[in-house]
Amino acid sequence: MATDQFVLRHNGPRPYEVEIMLKKIGASSMDALIDETVPKNIRLEMPLNLPEGISEYEYAIKIKEIASKNKIYKSYIGLGYYDTILPAVIQRNILENPGWYTSYTPYQAEISQGRLETLLNFQTVITDLTGMEITNASLLDEATAAAEAMLMMFNTRSRNAVKNNANILFVDENIFPQTLDVIKTRSNPAGIELLIGKYNEFTFNNKVFGAIVQYPAADGKINDYREFTQKAHAVDAMVAVAADIMSLVLLTPPGEWCVDIVVGSAQRFGVPMGFGGPHAGYFATMDKFKRTMPGRIIGVTVDATGKLALRLSLQMREQHIKRERATSNICTAQALLATMAGMYAVYHGKEGLVRIANHIHSTAGFVSEELNKLGYKQENVDYFDTLKVMFPANVKVSDIEKLALERKVNFRYISEKYIGISIDETTLPGDVVTILEIFAKANNKPIPEIPDIPEKTYFDKKYSRTKDFFTLNVFKAYRCESEMMRYIKKLERKDFSLTHSMISLGSCTMKLNAAVEMLPLSWPEFGAIHPFVPKDQAEGYYQLMDELGKDLCEITGFEAISYQPNSGAAGEYAGLMVIRQYHIGRGEGHRNVAIIPSSAHGTNPASAAMAGMKVVVVECDDKGNINVEDLRSKAVQYKDDLSCFMVTYPSTHGVFESKIKEMNSIIHQNGGLVYMDGANMNAQVGLTNPAHLGADVCHLNLHKTFAIPHGGGGPGEGPICVAKHLVDFLPSHPVVKISGEKSIHAVASAPYGSASILTISHAYIKMMGGNGLLEATKYAILNANYLASCLNSFYPVLYTGENGRVAHEMILDCRKFKHDPNTDISETDIAKRLMDYGFHAPTLSFPVHGTLMVEPTESESLQELDRFIESLINIRKEIDEVTTGIADKKDNVLKNSPHTQEVVVSDKWDHTYGRKKAAYPLKWISENKFWPGSSRVDDAYGDRNLVCTCAPIDEYRTGILNFHGLK
């Protein structure tokens with residue numbers, strides 16, 4: 001046919017190169033390699049029952065047809081989701097730019113300075129607007145941020161509170177319903193009792209450890225919580241506030257009432273609604289809580305040359321250290337969305353945001369006045385953007401709804417007496433005319449003349465913001481689009497992404513995010529849909545989710561899916577909560593033991609602890625496999641209380657363990673269920689599946705196996721697929737009915753999680769087809785074994801399967817270099833040196849300390865694999881030069897890596913090796929040199945001197961770029 005097969009574009013090696021690779025591996029054919037790698041007892045007997053893949057051109061036609069079934073109405077529903085205007089300069093240069101959306105989490109600071117700066121900007125935005133002292137670099141959404149606030153307050157109780165068994169959390173009833181529901185989910189396993197009521201009628205006592213209120217409240221009312229906060233503090237209780245970020249431009253920041261935590265969503269800052277996500281949640285608190293705050297913190301440090309540099313600070317991967325003692329399982333943030341929200345603030349500055357917020361508020365006030373004239377009663381006296389409108393006796397809610405739908409308008413229908421109207425940035429005078437026309441006609445009133453909407457304040461001046469914000473130059477210097485475009489590009493150049501070369505991170509699957517998969521993400525047919533619209537307005541979304549869900553259930557072998565978990569770790573938690581509810585439903589709620597291998601990703605034990613489970617660790621043998629006899633012994637020991645077994649397959653060590661079915665059977669025989677971590681599904685698809693292996697539930701990292709990009713640390717998406725006996729327990733939602741009476745409460749704000757990025761995985765599967773997905777799995781295994789075969793004599797592959805093969809990833813052992821007193825080269829030195837060669841470091845010291853974990857994915861070409869191999873072999877030669885004394889033990893290219901452009905061209909060069917060796921160790925590097933943004937950063941300095949806003953960077957730039965006098 002005239003159009004290409006997409007699989008040939010997605011997979012890296014050309015078909016004629018496969019034979020070359022197999023010869024190096026020592027396998028007679030691709031089928032032979034798979035047979036030697038994947039145990040035959042776990043293989044599927046039948047191929048995936050999926051259609052053949054379609055071309056990019058055919059998919060473009062298909063997705064356009066699906067998108068056309070979504071109806072773009074004006075939605076004034078509110079409840080945390082609002083239409084917004086994404087500046088085209090941000091859409092074009094960030095959202096649609098692979099230089100931004102294909103980068104990885106900034107664990108390697110030296111090649112992440114650009115996105116670290118945008119996240120530092122975001123943190124500055126949040127601290128300025130909330131009036132708090134410290135914030136993190138985003139959470140998953142507002143509801144999970146509120147749940148994290150609850151857990152932080154509970155875990156930081158004073159000694160007296162713990163002594164008094166203070167386990168009560170008060171939640172004001174006028175909070176977003178989805179936020180309350182997620183709080184319910186998280187509170188029960190933690191032993192937290194919820195009291196829900198009116199904040200102004202609640203009496204604190206010494207059993208209450210905290211309280212959560214909404215500002216403005218869910219019905220739009222601005223409440224004065226100062227006295228409430230004082231009463232809480234009087235009994236040693238903490239207060240968290242869920243605050244609308246746009247309202248804080250005009251309203252008094254909660255930090256000025258001395259609250260302890262402020263959470264919310266940054267969606268209003270230029271991020272499309274997208275039927276629920278992804279959006280960056282925010283979390284701000286006091287400096288004294290910095291070591292207990294969940295999530296990632298971007299901090300300022302210095303590099304080896306003494307220059308300012310940025311890095312992830314403090315507990316950047318706390319679950320790997322604390323494991324089952326971790327207070328949070330957060331792994332993925334919403335970095336790309338936080339970047340967009342921060343850039344929205346940079347582009348508009350204080351004046352622009354004040355203009356936008358005044359437009360929203362003035363429009364809401366004008367509509368309120370006009371509705372009162374039409375015979376309605378707007379009950380909120382003090383409000384920002386949301387009106388609570390009561391009908392006159394002769395008007396029915398059905399009358400309003402009918403007229404509104406005829407004019408393609410959605411309101412929030414609170415009850416038979418009340419309607420909610422939330423005004424947003426996109427509400428224009430013509431929209432106001434439509435709103436008033438609906439209400440006038442329903443009450444048989446003439447449509448009023450609409451004059452210019454005056455700028456006016458409708459709330460009591462005691463609520464007005466007086467504290468200045470956005471005083472730094474970064475919020476003043478990039479107002480014209482030329483400067484904004486150049487600023488974005490300047491930061492992009494400091495960042496490493498898949499646009500530069502392969503990112504070989506084990507366990508992270510940085511595969512191709514094809515352009516055709518990404519295009520629909522920017523379409524208003526997907527972006528402009530509120531998550532709570534009537535079902536017939538989102539038929540395109542429901543078709544897409546239905547098709548994708550059926551495909552994912554076929555791939556996993558399971559019965560049903562929930563899209564709600566909006567990260568892999570959230571999927572872990574959701575899966576465990578479903579298992580927990582299953583046991584409770586059978587009258588076995590006492591089952592609370594989770595058996596977890598010692599090699600597991602750190603989020604596994606952290607998730608289990610959050611689900612109220614006791615973690616029992618099962619050891620691995622010297623070949624890296626789970627010790628089956630230890631597993632059997634512990635399953636029998638805890639059989640009366642066994643809840644589940646958490647297992648990753650292929651293993652975290654990059655091996656297909658042949659006894660996986662036996663292990664899962666042992667768990668079932670002792671009353672438990674099997675949760676399979678889907679992090680390594682990229683090696684399963686089409687060859688085997690979790691259900692066939694005996695699992696009961698698994699989560700899927702759509703941002704790994706199914707082509708959603710990492711976005712510099714998020715968005716992620718972690719839906720769970722379950723067997724038939726668990727279907728009834730899948731997460732529910734308080735606003736949109738998506739499940740039955742046995743369901744657990746919600747695990748995220750939106751009913752379908754980050755729905756807008758599901759378009760990417762839908763595109764990937766439809767274009768690959770069943771055969772293409774199988775080919776991708778085989779090529780992932782081919783590429784990994786090719787690397788292992790080429791590198792094993794230089795860096796021993798730590799674990800292999802029974803036939804000496806690795807799965808889709810491998811662990812390279814670097815420990816002997818560190819332990820050799822003549823060498824003293826660490827895995828970190830090797831990782832940093834790879835940056836000089838133009839490569840991102842592999843996964844560092846996980847799951848085994850002193851190693852590098854490498855996953856090439858199926859998308860990398862043979863040429864790229866060979867460049868990576870040549871680089872690591874040359875680095876091994878550099879290590880040998882240190883060992884033999886040719887290179888100085890302390891002053892060598894590894895210890896001083898990475899080398900920045902500024903260092904290399906400096907007039908001062910006092911190293912024992914030359915500049916060329918430092919910057920261009922191989923000839924081909926000069927063709928496409930990537931320069932790290934900073935020299936090696938000083939981690940300890942950054943933790944000792946924690947600074948989490950862009951003030952130091954701003955002051956540094958002022959002296960260089962002459963920003964003095966910006967207003």
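I take contact to mean heavy atoms within 4.5 Å. Helices (H or I, at least four residues) and strands (E, at least two) are DSSP runs, numbered from the N terminus.

**Entry: ground rules.** The model is predicted: local features need pLDDT of at least 70, side-chain atom pairs count only at pLDDT 80 or more, and totals for chains, interfaces and linings use all residues. Residues are numbered from 1 along each chain as its sequence is written, and side-chain values use heavy atoms, with hydrogens and water left out.

**Entry: α2 on α25.** I looked up which residues meet here. From α2 come V18, M21, L22, K24 and I25; from α25 come Y779, L782, N783, N785, Y786, S789 and C790. By class, I find eight nonpolar, three polar and one charged residues in this contact. Ala, Val, Leu, Ile, Met, Phe, Trp, Tyr, Cys and Pro count as nonpolar, Asp, Glu, Lys and Arg as charged, and the others, Gly among them, as polar.

Next, the geometry. Helix α2 (residues 18-25) packs on α25 at an angle of about 50°, and the axes are 9 Å apart. Axes are lines fitted to C-alpha atoms, for helices over the stretch in contact, and angles run from 0 to 180 degrees between N-to-C directions. I note α2 as oblique to α25. Angles under 35 degrees count as roughly parallel, over 145 as roughly antiparallel, 65 to 115 as roughly perpendicular and the rest as oblique. The crossing is left-handed, that is, the near helix is turned anticlockwise from the far one by less than a right angle; clockwise would be right-handed.

**Entry: α4 on α25.** Helix α4 (residues 56-67) also meets α25 (residues 758-791): their axes come within 10 Å and cross at roughly 135°. I note α4 as oblique to α25 too. This crossing is right-handed. I list E56, Y59, K62, I63 and I66 from α4, and T759, H762, A763, K766 and M767 from α25. That makes five nonpolar, two polar and three charged residues.

**Entry: V7.** V7 lies in helix α1 (residues 6-10). I checked its partners, leaving out residues up to four places away in sequence: V7 touches M768, G772 and E775. V7 and G772 are 765 residues apart in sequence, yet 5.6 Å apart in space, C-alpha to C-alpha. V7 is buried, at 15% relative accessible area. Buried means under 20%, exposed over 50%, and partly exposed in between (1.4 Å probe, protein chains only).

**Entry: α10.** Is helix α10 enclosed or open? Nine of the 11 residues of α10 (residues 177-187) are buried, so the helix is largely enclosed by the rest of the structure. Its buried residues pack against α8, β3, β4, β5, α20 and α21.

**Entry: cysteines.** How many disulfides are there? I count zero, taking a disulfide as a pair of cysteine sulfur atoms within 2.5 Å. The sulfur of C644 is 14 Å from the closest cysteine sulfur, in C698, too far for a bond. C644 is buried at 0% relative accessibility.

Entry: A cis peptide bond joins Y215 and P216, with omega about -15°. P216 sits in the loop between β5 and α11. L79 is not a glycine, but has a positive phi of about 55°. L79 is buried, at 5%.
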